[in-house]
Amino acid sequence: PSFNEEKSVLILLEKISNLFISKVKITDFEIVFVDDGSTDDSYQLVKNWMQNKKLQMTLIRFRNNRGKSYALNAGFKEALGEIILTLDADLQDEPNELFNLINKINQDYDLVSGWKRKRNDPWSKTIPSLFFNFVTSFISGVKLHDFNCGLKAYKSEVVKDLNLYGELHRYIPLLAAWRGYRVTEIPVKHHKRKYGYTKY
C-alpha cells in the first residue's frame with residue numbers, strides 16, 4: 001500500500017525485486033502495488049517502472065485515498081502466492097527482513113508479524129503505539145509487542161479470510177488469532193523516515 005510516496009517507491013521496488021531475484025526464480029514471486037489515491041507522481045512512476053521490468057506485477061489504483069485497510073484488502077484479493085508479504089512504501093520497513101518472515105512462517109505459523117523493537121519514530125508516534133499495543137495485548141490475550149507493524153507474512157488462506165475496512169488493519173493479528181490461526185512475531189529492523197511524512 002502506498003499514498004504519496006513518489007520519492008520512495010522506485011527505491012523500494014528496486015530493493016524488493018533485486019532481493020527476490022537473488023533468492024528465487026523470477027517466476028516464483030510477484031509484486032502487488034496498491035496506489036491509495038496518490039496525488040503526486042507515484043502511480044506514473046510505478047507504471048513506467050513496471051513496463052520496463054520483466055516481472056510479474058499487478059498495479060492497483062484507487063481514485064481517491066481510502067486508507068490502509070482498503071489498500072491491503074485490495075492487494076490481498078489480487079495476490080496469488082502461497083505466502084503473502086506486506087510492507088509499507090515509505091522505506092522505514094527493511095525489505096531484507098522479508099525472508100526472515102518467510103523462514104518463520106515455514107515453522108508452522110499462519111501469520112508472522114514484525115516487531116519494531118527499536119522504532120525510529122518521534123515520541124508522538126511511539127508513545128501512543130506502546131499504549132495501543134499494551135492494551136490490545138492485555139485485553140485480547142494475544143501476546144504481541146507490535147500489532148500494527150507493516151512487515152508481515154501470511155499464509156494465503158489467512159488473507160482470503162480477512163475483510164478489512166476502516167482501521168481494522170491495526171488488528172490483523174488479533175482477527176487472525178480469533179479465527180484460530182497460529183500467530184507469532186519476530187524482531188525486525190526499522191529505519192528513520194527519509195522523505196515526506198507519515199500518511200497512515
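Mentor: Happy to! Let's start with a term: contact here means heavy atoms within 4.5 Å. Please keep in mind that this is a predicted model.

Our part is helix α2, which spans residues 42–51 and holds Trp 49. The buried residues of this helix are Ser 42, Tyr 43, Val 46 and Trp 49. They lie on the same side of α2, because the arc they cover around the axis is only 130 degrees. What do the buried residues of α2 pack against? Their partners are α1 (9–23), β1 (31–35) and β2 (57–61).

Now zoom in on Trp 49. Its relative accessibility is 7%, so Trp 49 counts as buried, the cut-off being under 20%. Setting aside neighbours within four places in sequence, Trp 49 is in contact with Leu 10, Leu 13, Glu 14, Ser 17, Ile 31, Leu 55 and Met 57. One of these, Glu 14, is 35 residues away from Trp 49 along the chain, with 9.3 Å between their C-alpha atoms.

Asp 88 sits in the loop between β3 (83–86) and α4 (98–105). With a relative accessible area of 15%, Asp 88 is buried. Its side chain makes a polar contact with the side chain of Lys 68, at 2.8 Å. Beyond residues up to four places away in sequence, Asp 88 touches Pro 1, Leu 12, Lys 68, Asp 93 and Gly 150.

How values were computed. Residues are numbered from 1 along each chain as its sequence is written. This is a predicted model: local features need pLDDT of at least 70, side-chain atom pairs count only at pLDDT 80 or more; totals for chains, interfaces and linings use all residues. Side-chain values use heavy atoms; hydrogens and water are left out. Helices (H or I, at least four residues) and strands (E, at least two) are DSSP runs, numbered from the N terminus. Buried means under 20% relative accessible area, exposed over 50%, partly exposed in between (1.4 Å probe, protein chains only). A polar contact is a pair of N or O atoms within 3.5 Å; within protein, one must be able to donate a hydrogen and the other to accept it, and residues adjacent in sequence count only if both atoms are side-chain atoms. The arc is that of the directions from the helix axis to the C-beta atoms.
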